[in-house]
Amino acid sequence: MTPVHFSFSSAFILGLMGLAFHRTHLLSALLCLEGMMLSLFIALSLWSLQLEATGYSAAPMLLLAFSACEASAGLALLVATARTHGTDRLQNLNLLQC
Amino acid sequence: MTYLVSLFLFGLVVGLVAVASNPAPYFAALGLVVAAGVGCGVLIGHGGLFLSLVLFLIYLGGMLVVFAYSAALAAEPFPESWVDRSVIWYVLVYLIGVVAVAGLFWGGWYESSWVVVDGLKGFFVLRGDVSGVALMYSFGGGMLVVCAWVLLLTLFVVLELTRGLSRGALRAV
């Protein structure tokens with residue numbers, strides 16, 4: 001495992017750990033998801049660049065389009081949460097009725 | 001170039017630590033901007049000029065503006081930065097963990113493993129990824145149509161989620 005591979009792998013694992021362990025805000029979880037998608041984009045790009053497989057350069061672009069879908073759906077959920085509960089703290093979502 | 005790419009890789013890990021250590025969303029968005037900019041540097045170092053351009057313009061220009069808006073929506077009077085007591089421990093734990101795992105691989109990293117793999121180094125009008133992305137319009141046309149359809153579908157999902165009247169997915173407002 002070269003340092004480049006170690007870097008984006010550890011970036012992905014860090015984003016995953018941040019998503020799994022820290023859930024104060026909904027926006028923090030969305031940002032951790034974005035960090036994971038960023039490391040996946042870099043990983044796919046480096047795969048096609050290091051192996052000189054230029055035909056696969058379209059794969060990171062498609063991944064970026066799908067990550068845009070994920071981000072927009074998450075932000076819509078954030079806006080809906082802020083409108084129903086008044087805040088985006090995830091502890092408020094455990095309350096039964098407020 | 002090798003030193004520069006090494007610095008960018010270090011910055012990528014530090015940026016993700018800054019996102020993952022659960023500060024206030026202002027600072028987490030800042031860490032994500034740093035990580036995306038540094039990732040552009042990594043891709044430039046490996047010769048992917050079009051992919052890094054797309055990452056810089058589309059990712060930073062499109063997505064992070066929306067995140068700044070949403071961070072303003074979830075505003076707090078006293079946001080926690082990285083030096084707060086509840087955050088600094090996570091930063092330290094993540095950094096120590098990354099360094100410990102890097103220490104496991106440290107024996108296998110010779111000087112040649114730090115050298116950037118870029119076989120097409122030199123001055124070219126057309127780099128590999130430019131023509132590779134252009135293949136999306138010929139052989140990858142099916143996936144392009146699927147992507148456009150998914151984006152259109154996401155638009156309607158977002159509109160239904162944020163409608164908020166008695167109709168739609170969210171009827172509580």
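Let me begin with a convention: rings of Phe, Tyr and Trp, the last taken by its six-membered ring, pair if their centres lie within 6.5 Å, with planes under 30 degrees apart counted as stacked, over 60 as edge-to-face and the rest as tilted. By this rule there are 5 aromatic pairs over all chains, and one aromatic cluster is formed by A:Phe6, B:Phe105, B:Trp106 and B:Trp109.

What you see above is a predicted model, in which local features need pLDDT of at least 70 and side-chain atom pairs count only at pLDDT 80 or more, while totals for chains, interfaces and linings use all residues. Residues are numbered from 1 along each chain as its sequence is written, chains are lettered from A and ligands numbered from 1 in the order in which they are written, and side-chain values use heavy atoms, with hydrogens and water left out.

Chain B is divided into domain 1 (1–121) and domain 2 (124–172), with bounds that come from an automatic or database domain assignment, and the centres of these two domains, taken over C-alpha atoms, are 25 Å apart.

Now to helix packing. Helices are DSSP runs (H or I, at least four residues), numbered from the N terminus, and strands are runs of E of at least two. Axes are lines fitted to C-alpha atoms, for helices over the stretch in contact, and angles run from 0 to 180 degrees between N-to-C directions.

The contact (heavy atoms within 4.5 Å) includes B:Tyr26 and B:Leu32 of helix 2 of chain B and B:Phe56 and B:Tyr59 of helix 3 of chain B. Its residues divide into 16 nonpolar, 3 polar and no charged, where Ala, Val, Leu, Ile, Met, Phe, Trp, Tyr, Cys and Pro count as nonpolar, Asp, Glu, Lys and Arg as charged, and the others, Gly among them, as polar.

Between the chains, the axes of helix 1 (residues 3–21) of chain A and helix 1 (residues 2–20) of chain B come within 9 Å and cross at roughly 5°, and these two helices are therefore roughly parallel to each other. The residues of this contact divide into 11 nonpolar, 4 polar and no charged.

Terms used. Parallel < 35°, antiparallel > 145°, perpendicular 65-115°, else oblique.
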